[in-house]
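Here is a short report for a reader new to this structure. Take a look at the model first, then read on.

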Amino acid sequence: MSMASDQSEDPAVTNFRTYLQINTSQPKPDYGEAIMFYMTMAQEIGLDFKTVEVAAGKDMAILTWRGQEPSLPSVMLYCHTDVVPVFPEHWKYDPFGAVKDENGDIYARGAQDMKCLGIQYLEAIRQLKKEGSKPKRTVHIIFGPDEEIGGKEGMALFVQRQEFPDLNIGFALDEGLASPTSEFRLFYGERACWWFSVTFSGKPGHGSAFIEDTAISKLNKVMNRALQFRAEQEKRLNSDSSLTLGDVTSLNINLLQGGVQYNVVPSEMTAGFDVRITPTVDLKKFEEEITQWCKDAGPDFTIKFFQKGMCQKRTSTDSSDPWWAAFSSACQSMGLELKKEIFPAGTDGRYLRELDIPVLGFSPMNNTPILLHDHNEFLNEKVFLRGIKIYEKIIPALANV
């Protein structure tokens, strides 16, 4: 697949826009075309290429730059292939057109989250190879499926296969977030993601009566207690300027289900919760607290978990850590100001941290509005190109630890 561009456009930008045109949006991502794109890029740059099928039609693509000492633990540069759905009526341009406007802003789903990183990794390595750079450690650029829906048929399965330990990963880079300021955000851990439903059963009846112990009255007590907790966490965040979103626990009630018609009191009602828990919280005690909210509301309830992240491991940012020292020194040499944070949402990096593999989340996008999952997601051409230059310093620093 190729696209027309003006003769003055940097080939790396053309490759970025070509990749953005591949519609890998959930729920029906075109993984096949993405795999063909990666294979073409690997051939162009001179990287080994293979795929590992982890679920039907869902492959991990592994592009490898061989190191001079392949027995050493390798460096993994990770990028998820899928992107979130779009609502084209809210976009200025076709979300998969990769239109570049007169300011150099490139509009497309995935421009920030996170197709930019995949191309930046590859273009940085292309340049390093041109300059004759030969890393000590092997570097694997890995593209994985289904991150945007939890990674259960992506990274979660991949780490269980023999092909994963065979890669001998010692350190990994994954996605971060854009920064509206001149700082670059650096994520060394992330909040645990819990998706669960609470269902109450209660007395049904006619909609004209005052019926006691209805499902909705009990569920309402739980929702009110949950929203009280939410308000407490929000107040804590807003009253302390040193805290970021990742330092508190967020809670949202995003689903309500039940009822059959207006004049029938339902016998069952369900609410769906999305809770992101900061790593300093005791998860066992927090689950007990949620259960207590339900007990206080009344009998006949069930709690069902759909996602229950339990990893609270954080990557060292101590100066004595060789990976951190290499990464931070490379950033320092370029004058990049890093702001260390806990990632507020979830990434595939958690599956690596669970295996004690250090992971840093970093997207070299500063002075850029945060538009991941938003309408009119874009990344400026100059910011994108500078990101390649940044990785030209960071990748060899890590590969030569």
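Which hand does the crossing of H1 and H3 have? The crossing of H1 and H3 is right-handed. A crossing is left-handed if the near helix is turned anticlockwise from the far one by less than a right angle, and right-handed if clockwise.

## Basis of the model

This is a predicted model, in which local features need pLDDT of at least 70, side-chain atom pairs count only at pLDDT 80 or more, and totals for chains, interfaces and linings use all residues. Residues are numbered from 1 along each chain as its sequence is written, and side-chain values use heavy atoms, with hydrogens and water left out.

Helices (H or I, at least four residues) and strands (E, at least two) are DSSP runs, numbered from the N terminus.

## H3 and its helix partners

H1 packs on H3 at an angle of about 145 degrees, and their axes are 10 Å apart. Axes are lines fitted to C-alpha atoms, for helices over the stretch in contact; angles run from 0 to 180 degrees between N-to-C directions. From H1, Ala12, Asn15, Phe16, Tyr19 and Leu20 meet Lys115, Cys116, Ile119, Glu123 and Arg126 of H3. Contact means heavy atoms within 4.5 Å. By class, this contact has six nonpolar, one polar and three charged residues. Ala, Val, Leu, Ile, Met, Phe, Trp, Tyr, Cys and Pro count as nonpolar, Asp, Glu, Lys and Arg as charged, and the others, Gly among them, as polar.

H3 also meets helix H10 (residues 381-399); their axes come within 8 Å and cross at roughly 60 degrees. That makes H3 oblique to H10. Angles under 35 degrees count as roughly parallel, over 145 as roughly antiparallel, 65 to 115 as roughly perpendicular and the rest as oblique. H3 passes H10 in a right-handed crossing. The contact includes Cys116, Leu117 and Ile119 of H3, and Val383, Phe384 and Gly387 of H10. Its classes are 13 nonpolar, three polar and two charged residues.

## The annotated span

The unreviewed UniProt entry carries the annotation "domain: Peptidase M20 dimerisation" for residues 188-300. UniProt positions are given in the numbering used here, feature names are shortened, and annotations may be inferred rather than shown by experiment. The span is 35% helix and 32% strand, and its end C-alpha atoms lie 41 Å apart.

Helix H6 (residues 215-239) and helix H7 (residues 283-297) have axes that come within 8 Å and cross at roughly 140 degrees. H6 and H7 are therefore oblique to each other. Their crossing is right-handed. By class, the contact has seven nonpolar, no polar and four charged residues.

## Aromatic pairs

How many aromatic pairs does a search of the whole structure find? The search finds 23. Rings of Phe, Tyr and Trp (its six-membered ring) pair if their centres lie within 6.5 Å; planes under 30 degrees apart count as stacked, over 60 as edge-to-face and the rest as tilted. Tyrosine 19 and phenylalanine 37 form a stacked pair, 5.1 Å centre to centre with 5 degrees between the planes. Tyrosine 19 is in helix H1 (residues 11-20) and phenylalanine 37 in helix H2 (residues 31-45), 18 residues apart.

## Backbone exceptions

Most residues other than glycine have a negative phi, and most peptide bonds are trans. Glutamine 26 and proline 27 are joined by a cis peptide bond, with omega about 10 degrees. Proline 27 lies in the loop between H1 and H2. Asparagine 367 has a positive phi of about 50 degrees, although it is not a glycine.
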